[in-house]
Amino acid sequence: MSGLLSQALQNLMTATQQIAALSGLPPQAQQLQAATGAAIKPLAGLIQNMQQTGSAFVAHAVPELNDIMAMLTNNQPIVDIKAKMSAVLDQTASLDNVVMAVTKQAESISSLIFGDFNQLAIIEAGLSDQATTLQGQLGAAQGEEAAAQKRYYYLIALGPFGLIGLAAALALYLKLKSDVNGIESSISNLNAQINVLTAMRSACNALGTDFQSVIARTSDVRNAIDLLGGSIQQINNDLNNGSDRITLEIVVRATITEITALGIDLG
């Protein structure tokens with residue numbers, strides 16, 4: 001299939017895969033990453049099942065209704081027409097259940113898409129605060145390191161007169177240098193996480209847009225099924241109430257058009 005629904009679903013799956021491919025995320029973001037994949041995959045499966053079931057319904061129902069049209073035109077017994085119509089009604093009800101499953105799954109993950117993703121901004125802000133704090137500590141540590149280095153080189157310059165304090169000065173200098181390296185490493189790791197979070201937020205925004213598109217397309221299917229169900233029920237009622245065949249033919253012809261439109265929405 002290559003219609004609007006299939007395209008929207010493909011875009012949604014692509015955004016989901018982009019999120020799943022990200023590495024180096026902080027633990028909270030990893031949880032959202034896993035939850036996203038766990039939520040979208042079942043929805044995609046349900047939509048694909050809806051498309052397959054719906055396409056099979058369209059392929060079967062249109063010929064059935066065309067047969068009913070011919071039976072009405074040829075004045076065949078109403079009881080036989082009712083039997084055919086009853087089968088179409090049952091198939092419509094089955095498809096309605098499939099579409100309802102998609103709707104329920106979409107509703108169940110809406111809070112994740114439109115609510116939990118907002119946590120990413122909070123996580124990113126927390127990491128940025130940590131990086132800012134460490135940046136301040138780095139400046140102070142670098143100052144201390146520079147002073148220790150200066151004293152160490154001063155003692156070396158003193159020659160034999162500086163030997164007494166040289167070992168202690170070297171130990172202090174190496175410790176402060178190690179502290180600076182540690183802070184720089186922490187800042188680097190935080191910045192890397194922030195960069196990945198930024199990428200995840202961008203992918204999540206894209207996923208949210210794609211999700212809305214999928215919901216819009218599945219809503220088209222939902223509305224088409226509701227309209228179709230009403231039309232088929234009307235045909236059944238008209239058959240039971242003994243409506244004239246010309247009226248029945250008009251309603252059946254309109255229903256065939258609705259089924260054809262449903263097939264397009266399922267694409």
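The model is predicted: local features need pLDDT of at least 70, side-chain atom pairs count only at pLDDT 80 or more, and totals for chains, interfaces and linings use all residues. Residues are numbered from 1 along each chain as its sequence is written, and side-chain values use heavy atoms, without hydrogens and water.

**Helix pairs**

Helices are DSSP runs of H or I with at least four residues, numbered from the N terminus. Axes are lines fitted to C-alpha atoms over the stretch in contact, with angles from 0 to 180 degrees between N-to-C directions.

| Pair | Angle | Axis distance |
|---|---|---|
| H1 (residues 4-20) and H2 (residues 27-73) | roughly 160° | within 10 Å |
| H2 and H6 | about 165° | 10 Å |

The axes of H1 and H2 cross at roughly 160°, which means that H1 is roughly antiparallel to H2 (an angle over 145 degrees). Residues of H1 that meet H2 include Leu5, Leu9 and Ile19.

H2 and H6 pack at about 165°, so H2 is roughly antiparallel to H6. Their contact (heavy atoms within 4.5 Å) involves, among others, Phe57 and Leu65 of H2 and Leu248 and Ile259 of H6.

**Glu258**

Glu258 belongs to helix H6, residues 245-265. Beyond neighbours within four places in sequence, Glu258 contacts Leu227, Leu228 and Ser231.

Note on methods. Helix = DSSP H or I, 4+ residues; strand = E, 2+ residues; numbered from the N terminus. Parallel < 35°, antiparallel > 145°, perpendicular 65-115°, else oblique.
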